[in-house]
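Okay, thanks for coming, everyone.

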Amino acid sequence: MYLEVLMMFLAAGLIAAAALVVGGLLGPKKPGEVKLSAYESGVPAVGSARERFPVHFYLVAMVFIIFDLETAFFYPLAVKFQAAPQFLFANAVIFVAILAVGYVYLLRKGVLNWK
Amino acid sequence: MVAFVILAALMVAGGVGVVTLRQPVHAALALVGTLLALAVTYVTLQAHFLAAIQVIVYAGAIMVLFLFVIMLLNVSGERTGDRLKWLKPAAWAAAGVTVAGLAVVYFLQRQPLPGAAVVDGALGGGGAERIGEVLFTDYLLAFQLVGVLLLTGVIAAVSLVQRAAPETRPQRGGAARSAPHEPGAASGAGVMRDDELVHGGH
Amino acid sequence: MSFPGVLDIDWNVMAPAVSLLITAIVALVFGLSARDSRGPAAVALIGVLTAGIFAVAHLFSGNESAASFGLRYLGDVPATALTLVILLGTAMAILVSWDQLERGGMGQPEYYPLMLLSALGAVVMASAGDLITLILGLEIMSLPAYALSAWRTRDRQSEEAGMKYFLLGAFGSAMLIYGTALLYGASGSFVYGAVAAALQGGNLTLLATAGGALVLAGLGFKAALAPFHQWAPDVYTGAPTVVVTFMSVVIKVGAFAALLRIAATVFPALQPWLLTALAVIVALTLVVGNFTALMQRGLKRMLAYSSVAHAGYLGLALLAANHGGVAAAAFYLSVYALMNAGAFAVLTLVTDASDHGDDLERFAGLGRTRPGLAAAMAVFMLSLGGIPLLGGFTGKVLVFQATIDAGHVWLAVLGIATSVVALFYYFRVIAYMYFRESSHAPHTFRSTPARVAIAVALVGTVLLGILPGWWHTLLSVGPRFLAGY
């Protein structure tokens, strides 16, 4: 059933592989120090890419996931909504109310303030 | 069936990769492979909504979180510790025993898998509608508890990171109450100060 | 089919959990603007008492077959009684924390909300009638416990405790979820009773038993049963003592409440080798817990291994779940909550603000400097050791009786033998308090709420020792779990 999709993936892979192989075989190679250095928007690279991130990034990512999951739960709710509007709405309100406490907490703790 | 075997092989390969690869980022990418293969498996079972959620939530959001943690800790490759040398063989042995046990269970108890019609009946075409139907009847309590769990997770994680104890925090311009957070200076400190210790050997 | 059909929500059953949730939210919002942690503590205490009143009202209403959400959330006697025990442990932990948080510089506003949410998770575990609710309850209970273990700022030991607990706890959760998946695969249901019913005469019991073994291992991590107890000593030592007061009671009750229900409903439908494996685990727990506790000098570490040993005694009740083991275990857990929380409460008053100095030496001469405290500690130690006329003894007798009724005579003998070993390490504490000269300055920290907690624990321990009948009779109502069959 998904043969078309599989064929498309194969075609995409083949084209990509072909581009690499052809480029590797035919392209001129004149490596130099500048050419081999990492390209960072044309600016010479400073320091290592492996730097420790402040833990704040993690918090924001986690908050994103929490509310991402909330949305994921709302999708089936929305699809089924017409079957029992009041009931589902009430449940959605409870669910959001619980998470809203978390949101208020995040605001009060200043997690969403980027300094 | 053929598709399942290929996908299962991919998933197992990804799983083994997660455990064996020495670079944490590579391990994370192996995990992405496993999660994506699982999503495709859902597609082959006609569970399209689950597949989409699997990609969005797991392969997308949760993997980002994993990568953040790896960057946060800035671990580069495996450090072979001197202590607990017995741990690695022991872990492999335990994993081997578990896999062998499950394999034995599988071979002793070969059960014809439910046919496509049964699966389809249970999944109802795998759309979000059927999931909504089950989620808001049988698993209504679980749905609300997930909300509580998410709230708990937020509070637990933030309370560990943002330890805004006003008296211990360096006061800045009298704005202690309104600005409890300085990412680099204060909350990062808990992580940063371990740096020398963790990387002492490098 | 009409959607969503009939919703069966019995609010009498849900009330304790709902009041805990609301209290946690109120305490959080209030705590963010409160000046110190005592206000939120009062809010938390009121909430726990309210939940307790609801639970008591339901327990005495005689409505033993009450349930909500189609047997997914149960209000039978064991669930309600263990809910009460959880609330009792939480209330004692709040009282013990009352002054200690400020003293130890741990007064972050999230402390009490997290504690209440953890208690809520344990209540959900105790009331869960299906595996999904159980898993969610377990996670709600565990996440705050991980955070609270690492509560002490800039303390490597506390951070290590949190980290270790988190990693091993996550491992345990993974096993529980895998086991649940296998059980579902074999039976097509998550509800305990339906799982058992589907497996009767089915031909997938081996698969289900593998799932049951994984579930047992996963919950065994939380309950600190022997090969899965490795985290306990380090977490108990590193985490703040006030948090250990909470964890050692609430997490243990939550885990055993779930284990008891599964052992009473699902395990009989599985292959018998699982029960043999459980018997081996229990024997190992009894031996490891008691003999390792014997070798400890630090009191927190000793109490950690002692809690492992008590997990072993409770494990005996698991094996006898359908022979009066449920009531015995519920009784044992009630006493255990009182005496263990009491012992830790004493410990918080004896150790430094930073929790250091829990060495036995610290207790030398306590009988002279703090006679009341020392007497209370002596009673808790005697009760933990199982001396007659105290609650711990009655609990042990009930458990051993159930074990013998279930036909595990050798395990009962092992339990009695290890109880004798246990007496040594409990008596050593008493010996230090009364027969050693103090080389320390007198202990000066006093806290009225902690004293109230100790008094409650003391009265409860003695009362359940001399008058065990009423509570045990109440627990024995409806010896079988309400589980959908």
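This is a predicted model: local features need pLDDT of at least 70, side-chain atom pairs count only at pLDDT 80 or more; totals for chains, interfaces and linings use all residues.

The crossing of α4(B) past α8(C) is left-handed.

Which residues meet there? From α4(B) you have Gly101(B), Leu102(B), Val105(B) and Leu108(B), and facing them from α8(C) are Leu206(C), Leu207(C) and Ala210(C). By type, that contact splits into 6 nonpolar and 1 polar, with no charged residues.

Chain C also touches chain A, with 5 residues from chain C and 6 residues from chain A. On the chain C side, we get 5 nonpolar, no polar and no charged.

Most residues other than glycine have a negative phi. Leu71(C) isn't a glycine, yet its phi is positive, about 65°. You'll find Leu71(C) in the loop between β1 (67-68) and β2 (73-74) of chain C. Is Leu71(C) buried or partly exposed? Partly exposed, because it has 19 C-beta neighbours inside 10 Å, and buried takes 20 or more.

Then there's Ala224(C), another residue other than glycine with a positive phi, near 60°. Ala224(C) is in the loop between α8 and α9 (231-238) of chain C. Ala224(C) has 28 other C-beta atoms within 10 Å, so it counts as buried.

Last topic, the cores. The largest nonpolar core has 235 residues, and those touching the most other members are Leu120(C), Val253(C), Ala317(C), Ala329(C), Tyr332(C), Leu333(C) and Val346(C). What gives the most to this core? Helix α13 of chain C, residues 321-350, with 22 residues.

If you zoom in on Ala317(C) and skip neighbours within four places in sequence, its contacts are Gly325(C), Ala328(C), Ala329(C), Tyr332(C), Val399(C) and Ala402(C). And there's a second, separate core of 13 residues, including Leu38(B), Ala39(B), Tyr42(B) and Ala47(B).

That's what I've got, so over to you.

Terms used. Residues are numbered from 1 along each chain as its sequence is written. Chains are lettered from A and ligands numbered from 1 in the order in which they are written. Two residues are in contact if their C-beta atoms, placed from the backbone, lie within 7 Å. Ala, Val, Leu, Ile, Met, Phe, Trp, Tyr, Cys and Pro count as nonpolar, Asp, Glu, Lys and Arg as charged, and the others, Gly among them, as polar. A crossing is left-handed if the near helix is turned anticlockwise from the far one by less than a right angle, and right-handed if clockwise. Helices (H or I, at least four residues) and strands (E, at least two) are DSSP runs, numbered from the N terminus. A residue is buried if 20 or more other C-beta atoms lie within 10 Å of its own, exposed if 12 or fewer, and partly exposed in between; C-beta atoms are placed from the backbone. A nonpolar core is a set of buried Ala, Val, Leu, Ile, Met, Phe, Trp, Tyr and Cys residues joined through C-beta atoms within 7 Å.
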